[in-house]
Amino acid sequence: MAVALQPQLLSLSVVSHGQAGLLQHLLDDLLKLPQPERFELILTRNIPEVWPFEIDRLPFSVKVIENSQPKGFGANHNAAFRAAAGDWFCVLNPDVLLPEDPFPELLNSLHQAGAALAAPVVFNSAGNREDSARAFPTLSSLAAKALGRDGAVYSSDPQNDGSPDWLAGMFLLFRSADFAKIGGFDEGFYLYYEDVDICARLRKAGFKLVLCSGAKVIHDAQRSSHHNWRYRYWHLASMLRYFLKHWWRLP
């Protein structure tokens, strides 16, 4: 039976890279959720853009971080964490939609498992489940992926949800105290593998992770960047950094 937890402040960190339209949809979903006073929103404008909404009209606390130059995933969310006041710190992509309130189930899962990190089950806009919970990458799993046989997926069966090796970074809910204990994200990863790395470090430090089958979100992913050479470079550089850092996970 789920434990009824008292509302505590949730700090939501969202970074926009010229994604005002997506951010508006996410805000629309947040505005539909009950108890807006339980949220503080930390919005990072990573590149110059105009947002189609008025910050002062939102029914929860909003802090805005303006970057003079673009920063990477980890650096942006670490800066947001330094500005956060919440008991819980949620890393949330602007291309995530919330058809229902995922936070009560996530908080219950964290409480029951004694975990440092929880994530919802993620579906794409077509209604198919994404592989957002996975086994740690290895040289053999990467080779399988290159051959079109992706052996890194943890589970697509909700009955087998529980504690995968790592959880994808589009939606991660941390206990703020535990996020601080491990020093947040490794800012040496500019883009990609930050989520794998932080999960590996959490596990090495003895913390638990939980995939919460009772919480569901939609990832309306924009994948045009995958064909950009810069993103391919960042992906390869991050992969190399991960394996050099976590060579003990190379079987």
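Colleague: What should I know before I start?
Modeller: The model is predicted; local features need pLDDT of at least 70, side-chain atom pairs count only at pLDDT 80 or more, and totals for chains, interfaces and linings use all residues. Residues are numbered from 1 along each chain as its sequence is written, and side-chain values use heavy atoms, with hydrogens and water left out.

Colleague: How many aromatic pairs does the structure hold?
Modeller: There are 15. Rings of Phe, Tyr and Trp (its six-membered ring) pair if their centres lie within 6.5 Å; planes under 30 degrees apart count as stacked, over 60 as edge-to-face and the rest as tilted.

Colleague: How do the rings of Phe 73 and Phe 185 sit?
Modeller: Their centres are 5.3 Å apart and their planes are at 80°, so the pair is edge-to-face.

Colleague: Is Phe 185 buried or exposed?
Modeller: Phe 185 is buried, at 3% relative accessibility. Buried means under 20% relative accessible area, exposed over 50%, partly exposed in between (1.4 Å probe, protein chains only).

Colleague: Which residues do ring pairs link into a cluster?
Modeller: Phe 73, Phe 81, Phe 89, Phe 174, Phe 179 and Phe 185.

Colleague: New topic. What sits over the ring of Trp 51?
Modeller: The charged end of Arg 45, 3.9 Å from the ring centre. The rule asks for NZ of Lys or CZ of Arg within 6 Å of the ring centre and within 35 degrees of the ring normal.
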